Amino acid sequence: IAPLLGMVIGFLISVFVQYLARRSTPSGVDKHFRRLQLVSAAAFSLGHGGNDAQKSMGIIWVALIVTGLATKDDKIDLWIVLSCQAAISLGTLFGGWRIVKTMGQKITKLKPFEGFCAETAGAITLFGATHFGIPVSTTHTITGSIIGVGARKGLSAVKWGVTTKIFWAWILTIPVSGI
């Protein structure tokens, strides 16, 4: 569901932002949204840390139980929560842009305002999933957001061959991980 939510939210945000910027010059829009992408990237990395950090926390928690430093009835220490969230957030903030850039060029060509819209849609989806305690894939979420932003330009703007390969990789991930 996360890729579909990201797609719908990305599409809606990009339509709204395009409407707001309809009277602006392309260079002005690029200038402002290059700066705003710092905010959207930070929000996306925070959402990534809040959701995916749960997996790292689980591994650390099990290690503490196995070594006898904690019991299953103890609460997870705040240092575990904060360190896992910080590690993933910082990793996304400083290195995740490469993934977003690569996906933004392979799935559809993104301009700065579209990158802002995709990252914002991904962040909203991740914050919602985290709020409800639903673990989701950040990569699936941002891919859906990028597809939604690209689809605003028309269905032909999205490279569906690339998207189909990504989809099949997702489908195969679950049974292969189970095996």
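The following legends describe an overview and close-up views of a predicted protein model.

**Figure 1. Overall architecture of the predicted model.** The secondary structure consists of 6 helices and 0 strands, so that the order of elements from the N terminus reads α-α-α-α-α-α. Along the principal axes, the C-alpha atoms occupy a box of roughly 60 × 35 × 25 Å. Of the 179 residues in the protein, 39% are buried.

**Figure 2. Close-up of the second largest pocket and the residues nearest its centre.**

**Figure 3. Helices and residue classes in the lining of the second largest pocket.** At least two lining residues are supplied by each of helix H1 (2-20), helix H2 (26-66) and helix H4 (112-131). The largest share comes from H2, with 3 residues. Sorted by class, the lining contains 6 charged, 5 nonpolar and 3 polar residues.

**Figure 4. Close-up of a nonpolar patch on the surface.** The patch is formed by Val8, Phe11, Leu12 and Val15. Together, these four residues present about 330 Å² of accessible area. Leu12, one of the patch residues, is found in helix H1, a helix that also supplies at least two residues to the lining of the second largest pocket.

Key. Residues are numbered from 1 along each chain as its sequence is written. This is a predicted model: local features need pLDDT of at least 70, side-chain atom pairs count only at pLDDT 80 or more; totals for chains, interfaces and linings use all residues. Side-chain values use heavy atoms; hydrogens and water are left out. On a 1 Å grid over the protein atoms alone, a cavity is a set of points where a 1.4 Å probe fits but cannot get out, and a pocket is an open set with protein on both sides within 12 Å along at least five of seven lines; lining residues have an atom within 4 Å of a point. Helices (H or I, at least four residues) and strands (E, at least two) are DSSP runs, numbered from the N terminus. Ala, Val, Leu, Ile, Met, Phe, Trp, Tyr, Cys and Pro count as nonpolar, Asp, Glu, Lys and Arg as charged, and the others, Gly among them, as polar. Patches are made of residues with over 30% relative accessible area and no salt bridge: like charges are joined within 9 Å, nonpolar side chains (Val, Leu, Ile, Met, Phe, Trp, Tyr) within 5 Å. Accessible areas come from the Shrake-Rupley method with a 1.4 Å probe; for residues, only the protein chains shown count as cover. A salt bridge is a side-chain nitrogen of Lys or Arg within 4 Å of a carboxyl oxygen of Asp or Glu. Buried means under 20% relative accessible area, exposed over 50%, partly exposed in between (1.4 Å probe, protein chains only).
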